[in-house]
Amino acid sequence: MTIPFRRAALAAMACALALPALAETAPESTDPIVINGGEVELQTAAPAPEHLDGALDEIYSGWLFRDPDTQTMQTDDFENPGMIFVDQGMDEWNMVEGEAGKSCASCHEDVSESMKGVRATTPKVNKDGALWSVEDYVNDCRTSRMQAEALDWNGDRMKNLTALISMQSRGMPMDVAIDGAAQPFWEQGKEMYYTRYGQLELACSNCHEDHYGDWIRADHLSQGQTNGFPVYRLKDAGLVSQHNRFRGCIRDTRAETFPIGSDEFRALELYVASRGNGLPVEGVSVRH
Ligand code: HEC
Ligand code: HEC
(Lines give C-alpha, C1' and ligand atoms only; values in the text may rest on other atoms or scores of the structure.)
(Ligands and ions follow the chains in the order given, each with its own letter.)
Protein backbone atom coordinates (compact mmCIF):
# COMPACT_ATOMS: atom_id res chain seq x y z
CA MET A 1 0.00 0.00 0.00
CA THR A 2 2.79 2.40 0.69
CA ILE A 3 4.14 2.33 -2.84
CA PRO A 4 1.08 3.68 -4.69
CA PHE A 5 0.66 6.24 -1.97
CA ARG A 6 4.24 7.30 -2.29
CA ARG A 7 3.98 7.48 -6.05
CA ALA A 8 0.88 9.64 -5.83
CA ALA A 9 2.49 11.86 -3.24
CA LEU A 10 5.58 12.28 -5.37
CA ALA A 11 3.54 13.02 -8.48
CA ALA A 12 1.61 15.66 -6.57
CA MET A 13 4.88 17.02 -5.32
CA ALA A 14 6.26 17.19 -8.86
CA CYS A 15 3.22 19.24 -9.91
CA ALA A 16 3.64 21.57 -7.00
CA LEU A 17 7.30 22.01 -7.75
CA ALA A 18 6.61 22.58 -11.44
CA LEU A 19 5.00 25.90 -10.59
CA PRO A 20 7.14 28.45 -12.33
CA ALA A 21 7.24 30.94 -9.47
CA LEU A 22 10.25 30.72 -7.22
CA ALA A 23 9.29 29.94 -3.69
CA GLU A 24 12.54 30.24 -1.82
CA THR A 25 11.66 30.90 1.77
CA ALA A 26 14.38 32.11 4.06
CA PRO A 27 14.43 30.46 7.49
CA GLU A 28 12.75 32.42 10.28
CA SER A 29 15.95 32.68 12.24
CA THR A 30 19.57 31.98 11.53
CA ASP A 31 20.72 31.42 15.07
CA PRO A 32 24.00 29.57 15.38
CA ILE A 33 24.13 25.98 16.61
CA VAL A 34 25.43 26.36 20.15
CA ILE A 35 27.05 23.11 21.23
CA ASN A 36 28.01 21.92 24.72
CA GLY A 37 26.79 25.09 26.37
CA GLY A 38 28.84 27.38 24.15
CA GLU A 39 32.04 25.41 23.78
CA VAL A 40 31.42 25.32 20.02
CA GLU A 41 29.30 27.71 17.96
CA LEU A 42 28.51 26.95 14.36
CA GLN A 43 27.09 29.64 12.11
CA THR A 44 24.05 28.46 10.15
CA ALA A 45 24.06 31.08 7.41
CA ALA A 46 26.68 32.70 5.21
CA PRO A 47 26.73 34.90 2.12
CA ALA A 48 26.48 32.69 -0.97
CA PRO A 49 29.77 32.15 -2.78
CA GLU A 50 30.26 34.27 -5.89
CA HIS A 51 29.62 31.45 -8.32
CA LEU A 52 26.00 31.36 -7.08
CA ASP A 53 25.33 34.97 -8.15
CA GLY A 54 21.77 35.16 -9.43
CA ALA A 55 20.90 31.77 -7.90
CA LEU A 56 21.18 32.27 -4.14
CA ASP A 57 22.06 35.24 -1.94
CA GLU A 58 22.52 33.37 1.30
CA ILE A 59 23.38 29.80 2.10
CA TYR A 60 21.85 27.96 5.04
CA SER A 61 22.64 24.89 7.08
CA GLY A 62 20.13 22.07 6.81
CA TRP A 63 19.91 22.27 10.61
CA LEU A 64 17.69 25.38 10.33
CA PHE A 65 15.01 23.39 8.52
CA ARG A 66 14.72 20.62 11.08
CA ASP A 67 12.24 20.42 13.93
CA PRO A 68 13.30 21.66 17.39
CA ASP A 69 13.80 18.16 18.85
CA THR A 70 16.14 17.16 16.05
CA GLN A 71 17.97 20.47 16.33
CA THR A 72 18.48 20.02 20.05
CA MET A 73 20.21 16.68 19.59
CA GLN A 74 22.98 18.44 17.73
CA THR A 75 23.58 20.94 20.51
CA ASP A 76 25.18 18.49 22.92
CA ASP A 77 27.80 15.95 21.97
CA PHE A 78 26.42 13.53 24.56
CA GLU A 79 22.94 13.78 23.04
CA ASN A 80 24.16 13.63 19.45
CA PRO A 81 23.63 10.00 18.44
CA GLY A 82 26.31 10.34 15.74
CA MET A 83 29.10 10.83 18.26
CA ILE A 84 29.25 7.17 19.20
CA PHE A 85 30.41 6.50 15.65
CA VAL A 86 33.14 9.10 15.99
CA ASP A 87 34.39 7.10 18.98
CA GLN A 88 34.26 3.95 16.90
CA GLY A 89 36.17 5.80 14.17
CA MET A 90 38.87 6.50 16.75
CA ASP A 91 39.16 2.76 17.47
CA GLU A 92 39.45 2.20 13.75
CA TRP A 93 42.15 4.88 13.55
CA ASN A 94 44.27 3.03 16.09
CA MET A 95 43.66 -0.48 14.74
CA VAL A 96 46.63 -2.23 13.16
CA GLU A 97 45.61 -4.05 10.02
CA GLY A 98 47.18 -5.31 6.80
CA GLU A 99 50.51 -6.76 5.71
CA ALA A 100 52.45 -3.61 6.59
CA GLY A 101 51.46 -3.99 10.25
CA LYS A 102 50.31 -0.39 10.55
CA SER A 103 47.35 1.62 11.78
CA CYS A 104 46.32 5.04 10.57
CA ALA A 105 47.89 6.41 13.72
CA SER A 106 51.27 4.78 12.92
CA CYS A 107 51.78 7.41 10.24
CA HIS A 108 49.32 10.21 10.91
CA GLU A 109 49.63 10.11 14.72
CA ASP A 110 47.24 12.58 16.38
CA VAL A 111 44.09 12.72 14.29
CA SER A 112 43.22 16.23 15.46
CA GLU A 113 46.50 17.55 14.07
CA SER A 114 46.88 15.47 10.93
CA MET A 115 43.27 15.53 9.72
CA LYS A 116 42.41 19.13 10.60
CA GLY A 117 41.02 20.89 7.53
CA VAL A 118 40.88 17.78 5.34
CA ARG A 119 37.08 17.58 5.30
CA ALA A 120 36.70 21.32 4.63
CA THR A 121 38.74 21.14 1.42
CA THR A 122 37.70 17.75 0.02
CA PRO A 123 36.77 16.54 -2.60
CA LYS A 124 39.92 17.79 -4.26
CA VAL A 125 42.19 16.87 -7.14
CA ASN A 126 44.94 14.48 -6.08
CA LYS A 127 48.54 14.50 -7.27
CA ASP A 128 47.62 12.34 -10.28
CA GLY A 129 44.86 14.65 -11.44
CA ALA A 130 41.90 12.57 -10.23
CA LEU A 131 39.11 14.02 -8.11
CA TRP A 132 39.12 12.30 -4.72
CA SER A 133 36.68 12.24 -1.86
CA VAL A 134 37.79 11.59 1.72
CA GLU A 135 36.80 7.94 1.18
CA ASP A 136 39.31 7.66 -1.68
CA TYR A 137 42.15 8.98 0.46
CA VAL A 138 41.27 6.54 3.21
CA ASN A 139 41.16 3.58 0.86
CA ASP A 140 44.35 4.60 -0.90
CA CYS A 141 46.15 4.60 2.46
CA ARG A 142 44.63 1.24 3.30
CA THR A 143 45.51 -0.48 0.05
CA SER A 144 48.83 1.09 -0.88
CA ARG A 145 50.26 2.00 2.52
CA MET A 146 48.80 -0.56 4.93
CA GLN A 147 48.43 -3.40 2.43
CA ALA A 148 44.96 -3.91 3.79
CA GLU A 149 41.68 -4.30 1.93
CA ALA A 150 39.72 -1.29 0.79
CA LEU A 151 36.68 -0.50 2.92
CA ASP A 152 33.20 -0.47 1.49
CA TRP A 153 32.44 3.19 0.64
CA ASN A 154 29.06 3.00 2.28
CA GLY A 155 29.95 0.56 5.06
CA ASP A 156 30.03 1.32 8.77
CA ARG A 157 33.80 1.21 9.13
CA MET A 158 34.29 3.80 6.39
CA LYS A 159 31.52 6.03 7.72
CA ASN A 160 33.01 5.89 11.21
CA LEU A 161 36.34 7.06 9.81
CA THR A 162 34.82 9.83 7.71
CA ALA A 163 32.85 10.95 10.78
CA LEU A 164 36.06 11.06 12.81
CA ILE A 165 37.86 12.95 10.04
CA SER A 166 34.96 15.43 9.62
CA MET A 167 35.00 16.22 13.33
CA GLN A 168 38.58 17.47 13.02
CA SER A 169 37.30 20.27 10.76
CA ARG A 170 34.28 21.16 12.88
CA GLY A 171 33.74 24.90 12.70
CA MET A 172 36.06 25.45 9.75
CA PRO A 173 34.32 26.96 6.73
CA MET A 174 33.85 24.70 3.72
CA ASP A 175 36.44 25.79 1.20
CA VAL A 176 36.69 23.43 -1.75
CA ALA A 177 38.68 24.59 -4.78
CA ILE A 178 36.68 24.95 -7.96
CA ASP A 179 39.28 26.44 -10.29
CA GLY A 180 42.41 25.08 -11.94
CA ALA A 181 42.50 21.30 -12.12
CA ALA A 182 39.18 21.10 -10.25
CA GLN A 183 37.25 23.12 -12.79
CA PRO A 184 36.25 20.39 -15.28
CA PHE A 185 34.97 18.22 -12.41
CA TRP A 186 33.10 21.18 -10.98
CA GLU A 187 31.48 21.90 -14.37
CA GLN A 188 30.41 18.27 -14.63
CA GLY A 189 28.88 18.39 -11.17
CA LYS A 190 27.12 21.65 -11.94
CA GLU A 191 25.60 20.20 -15.05
CA MET A 192 24.31 17.24 -13.05
CA TYR A 193 22.83 19.56 -10.44
CA TYR A 194 20.67 21.30 -13.04
CA THR A 195 19.73 18.15 -15.01
CA ARG A 196 16.16 16.94 -14.64
CA TYR A 197 16.16 13.28 -13.72
CA GLY A 198 13.56 10.55 -13.74
CA GLN A 199 9.87 10.30 -14.46
CA LEU A 200 9.28 13.34 -12.30
CA GLU A 201 11.79 15.36 -14.33
CA LEU A 202 13.21 17.08 -11.31
CA ALA A 203 16.71 18.50 -10.94
CA CYS A 204 18.45 19.00 -7.61
CA SER A 205 17.96 22.72 -8.23
CA ASN A 206 14.16 22.38 -8.55
CA CYS A 207 13.95 21.30 -4.95
CA HIS A 208 17.02 22.71 -3.20
CA GLU A 209 17.44 26.01 -5.04
CA ASP A 210 13.94 26.98 -6.21
CA HIS A 211 11.95 25.61 -3.28
CA TYR A 212 14.02 25.49 -0.13
CA GLY A 213 11.94 26.53 2.84
CA ASP A 214 8.82 24.93 1.31
CA TRP A 215 7.12 21.87 2.68
CA ILE A 216 6.78 18.83 0.47
CA ARG A 217 4.97 15.88 1.95
CA ALA A 218 5.85 16.23 5.62
CA ASP A 219 9.30 17.43 4.77
CA HIS A 220 10.77 20.90 5.14
CA LEU A 221 13.08 21.38 2.17
CA SER A 222 16.57 22.67 2.86
CA GLN A 223 19.18 23.86 0.38
CA GLY A 224 20.62 20.35 0.32
CA GLN A 225 23.96 21.43 1.76
CA THR A 226 26.61 18.85 2.60
CA ASN A 227 28.57 20.59 5.35
CA GLY A 228 26.92 18.35 7.97
CA PHE A 229 28.01 15.02 6.46
CA PRO A 230 28.23 12.29 7.33
CA VAL A 231 24.88 12.97 8.98
CA TYR A 232 23.20 10.88 11.62
CA ARG A 233 19.73 10.25 10.21
CA LEU A 234 17.06 9.39 12.71
CA LYS A 235 15.14 7.60 9.98
CA ASP A 236 18.05 5.23 9.35
CA ALA A 237 19.27 5.21 12.96
CA GLY A 238 22.79 5.50 11.62
CA LEU A 239 25.27 7.54 9.65
CA VAL A 240 24.53 8.41 6.03
CA SER A 241 27.26 9.23 3.52
CA GLN A 242 26.96 12.01 0.98
CA HIS A 243 26.73 9.66 -1.98
CA ASN A 244 24.01 7.65 -0.29
CA ARG A 245 22.03 10.83 0.26
CA PHE A 246 22.45 11.80 -3.43
CA ARG A 247 21.28 8.34 -4.41
CA GLY A 248 18.19 8.68 -2.23
CA CYS A 249 17.28 12.07 -3.67
CA ILE A 250 17.71 10.85 -7.26
CA ARG A 251 15.64 7.76 -6.50
CA ASP A 252 12.87 10.01 -5.27
CA THR A 253 12.62 11.42 -8.78
CA ARG A 254 12.08 7.83 -9.94
CA ALA A 255 15.32 7.82 -11.89
CA GLU A 256 18.06 5.26 -12.21
CA THR A 257 20.90 6.53 -10.11
CA PHE A 258 24.68 6.52 -10.27
CA PRO A 259 26.59 4.10 -8.05
CA ILE A 260 27.97 5.25 -4.71
CA GLY A 261 31.66 5.98 -5.24
CA SER A 262 31.21 6.73 -8.95
CA ASP A 263 33.04 9.53 -10.73
CA GLU A 264 29.69 11.18 -11.39
CA PHE A 265 28.93 11.34 -7.68
CA ARG A 266 32.45 12.63 -6.92
CA ALA A 267 31.85 15.49 -9.36
CA LEU A 268 28.41 16.16 -7.90
CA GLU A 269 29.91 16.05 -4.41
CA LEU A 270 32.44 18.73 -5.38
CA TYR A 271 29.80 20.96 -6.92
CA VAL A 272 27.38 20.63 -4.00
CA ALA A 273 30.24 21.24 -1.55
CA SER A 274 31.12 24.43 -3.45
CA ARG A 275 27.56 25.69 -3.01
CA GLY A 276 28.26 25.48 0.70
CA ASN A 277 31.66 27.20 0.64
CA GLY A 278 31.54 29.47 3.68
CA LEU A 279 29.29 27.30 5.87
CA PRO A 280 31.13 25.60 8.73
CA VAL A 281 31.77 21.88 8.72
CA GLU A 282 29.34 20.51 11.32
CA GLY A 283 31.26 17.34 12.04
CA VAL A 284 28.43 14.92 12.49
CA SER A 285 25.05 16.60 12.15
CA VAL A 286 21.66 15.19 13.09
CA ARG A 287 18.86 15.11 10.53
CA HIS A 288 15.51 13.39 10.56
C1 HEC B 1 52.27 4.15 6.02
C2 HEC B 1 51.82 5.46 6.39
C3 HEC B 1 50.32 5.73 6.32
C4 HEC B 1 49.30 5.00 6.88
C5 HEC B 1 49.38 3.68 7.64
C6 HEC B 1 48.10 5.73 6.59
N7 HEC B 1 48.37 6.84 5.89
FE8 HEC B 1 47.04 8.26 5.27
N9 HEC B 1 48.52 9.23 4.27
C10 HEC B 1 49.86 8.90 4.31
C11 HEC B 1 50.58 9.79 3.44
C12 HEC B 1 52.10 9.76 3.19
C13 HEC B 1 49.62 10.66 2.88
C14 HEC B 1 49.86 11.75 1.86
C15 HEC B 1 50.16 12.98 2.57
C16 HEC B 1 50.30 14.10 1.59
O17 HEC B 1 50.38 13.83 0.39
O18 HEC B 1 50.30 15.22 2.06
C19 HEC B 1 48.35 10.28 3.45
C20 HEC B 1 47.16 10.96 3.19
C21 HEC B 1 45.96 10.72 3.84
C22 HEC B 1 44.77 11.52 3.71
C23 HEC B 1 44.63 12.77 2.87
C24 HEC B 1 45.10 13.94 3.70
C25 HEC B 1 45.02 15.26 3.00
O26 HEC B 1 45.56 16.21 3.55
O27 HEC B 1 44.45 15.33 1.93
C28 HEC B 1 43.82 10.96 4.51
C29 HEC B 1 42.38 11.44 4.71
C30 HEC B 1 44.42 9.80 5.12
N31 HEC B 1 45.71 9.69 4.70
C32 HEC B 1 43.77 8.97 6.00
C33 HEC B 1 44.31 7.78 6.48
C34 HEC B 1 43.56 6.81 7.26
C35 HEC B 1 42.11 6.98 7.70
C36 HEC B 1 44.40 5.78 7.52
C37 HEC B 1 44.08 4.47 8.21
C38 HEC B 1 42.97 3.72 7.61
C39 HEC B 1 45.68 6.12 6.92
N40 HEC B 1 45.59 7.32 6.30
C41 HEC B 1 46.82 5.32 6.99
C42 HEC B 1 50.42 7.89 5.05
C43 HEC B 1 49.73 6.91 5.71
C1 HEC C 1 11.94 16.07 -5.10
C2 HEC C 1 12.74 17.03 -4.40
C3 HEC C 1 14.22 16.73 -4.28
C4 HEC C 1 15.14 16.61 -5.29
C5 HEC C 1 14.89 16.68 -6.79
C6 HEC C 1 16.41 16.44 -4.66
N7 HEC C 1 16.28 16.43 -3.30
FE8 HEC C 1 17.77 16.42 -1.93
N9 HEC C 1 16.40 16.38 -0.44
C10 HEC C 1 15.04 16.42 -0.60
C11 HEC C 1 14.40 16.32 0.70
C12 HEC C 1 12.91 16.32 0.95
C13 HEC C 1 15.44 16.24 1.65
C14 HEC C 1 15.30 16.13 3.18
C15 HEC C 1 15.00 17.50 3.73
C16 HEC C 1 16.12 18.46 3.44
O17 HEC C 1 17.17 18.41 4.13
O18 HEC C 1 16.00 19.27 2.48
C19 HEC C 1 16.69 16.31 0.90
C20 HEC C 1 17.94 16.31 1.48
C21 HEC C 1 19.13 16.47 0.79
C22 HEC C 1 20.43 16.61 1.41
C23 HEC C 1 20.72 16.58 2.91
C24 HEC C 1 20.83 17.96 3.48
C25 HEC C 1 21.17 17.97 4.93
O26 HEC C 1 21.37 19.06 5.49
O27 HEC C 1 21.22 16.91 5.57
C28 HEC C 1 21.34 16.74 0.39
C29 HEC C 1 22.83 16.89 0.53
C30 HEC C 1 20.60 16.69 -0.85
N31 HEC C 1 19.26 16.54 -0.56
C32 HEC C 1 21.17 16.78 -2.10
C33 HEC C 1 20.46 16.62 -3.30
C34 HEC C 1 21.09 16.56 -4.60
C35 HEC C 1 22.58 16.67 -4.86
C36 HEC C 1 20.08 16.40 -5.51
C37 HEC C 1 20.19 16.16 -6.99
C38 HEC C 1 20.90 14.96 -7.38
C39 HEC C 1 18.84 16.39 -4.77
N40 HEC C 1 19.12 16.50 -3.44
C41 HEC C 1 17.59 16.30 -5.33
C42 HEC C 1 14.37 16.55 -1.78
C43 HEC C 1 14.95 16.58 -3.03
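Modeller: Let's start with a cut-off: a residue is buried if 20 or more other C-beta atoms lie within 10 Å of its own, exposed if 12 or fewer, and partly exposed in between. What we apply it to here is a predicted model.

Biologist: Why is Asp-263 called partly exposed?

Modeller: Asp-263 has 13 other C-beta atoms within 10 Å. Exposed would need 12 or fewer and buried 20 or more, so Asp-263 lands in between and is partly exposed.

Biologist: How do you know how α9 is oriented relative to α12?

Modeller: The angle between helix α9 (residues 183–193) and α12 is about 85°, and their axes are 7 Å apart. Angles of 65 to 115 degrees count as roughly perpendicular, so α9 is roughly perpendicular to α12. Phe-185, Trp-186 and Tyr-193 are among the α9 residues in this contact, and α12 brings residues including Leu-268, Tyr-271 and Val-272. By class, the contact of α9 with α12 has nine nonpolar, three polar and two charged residues.

Biologist: What makes the arrangement of α3 and α8 roughly perpendicular or parallel?

Modeller: Again it is the angle: about 100° between helix α3 (residues 83–94) and helix α8 (residues 156–167), with axes 7 Å apart. That value falls in the range of 65 to 115, and therefore α3 and α8 are roughly perpendicular to each other. On the α3 side the contact includes Phe-85, Met-90 and Trp-93, and on the α8 side it includes Leu-161, Leu-164 and Met-167. The contact of α3 with α8 divides into eight nonpolar, three polar and three charged residues.

Biologist: Which residues come nearest to ligand 1, and which element gives the most to its shell?

Modeller: There are 15 residues around ligand 1, and Cys-104, Cys-107, Tyr-137, Cys-141 and Arg-145 come nearest. Helix α7 gives the most to this shell, with six residues; α4 (104–108), α7 (134–145) and α8 each supply at least two. The shell around ligand 1 has 10 nonpolar, two polar and three charged residues.

Biologist: How many residues surround ligand 2, and which are the closest?

Modeller: The count is 25, and the closest are Gly-62, Cys-204, Cys-207, Gly-224 and Cys-249. Two or more residues each come from α10 (204–208), α11 (242–252) and α12 (263–275). Helix α11 gives the most, with five. By class, the shell around ligand 2 has 12 nonpolar, nine polar and four charged residues.

Biologist: How do you know whether the protein chain agrees with a compact globule?

Modeller: A compact globule of 288 residues would have a radius of gyration near 19 Å, and the protein chain has 19 Å, so the two agree. The C-alpha atoms fill a box of roughly 60 × 45 × 40 Å along the principal axes.

Biologist: What does the secondary structure of the protein chain come to, and what share of its residues count as buried?

Modeller: The protein chain has 12 helices and 11 strands, and 36% of its 288 residues count as buried. Among contacts between residues at least 6 apart in sequence, 71% join residues at least 24 apart.

Conventions:
Residues are numbered from 1 along each chain as its sequence is written. Chains are lettered from A and ligands numbered from 1 in the order in which they are written. This is a predicted model: local features need pLDDT of at least 70, side-chain atom pairs count only at pLDDT 80 or more; totals for chains, interfaces and linings use all residues. A residue is near a molecule or strand if its C-beta atom, placed from the backbone, lies within 6 Å of it. Helices (H or I, at least four residues) and strands (E, at least two) are DSSP runs, numbered from the N terminus. Ala, Val, Leu, Ile, Met, Phe, Trp, Tyr, Cys and Pro count as nonpolar, Asp, Glu, Lys and Arg as charged, and the others, Gly among them, as polar. Axes are lines fitted to C-alpha atoms, for helices over the stretch in contact, and angles run from 0 to 180 degrees between N-to-C directions. Angles under 35 degrees count as roughly parallel, over 145 as roughly antiparallel, 65 to 115 as roughly perpendicular and the rest as oblique. Two residues are in contact if their C-beta atoms, placed from the backbone, lie within 7 Å. The radius of gyration is taken over C-alpha atoms; the globule rule is 2.2 Å times the number of residues to the power 0.38.
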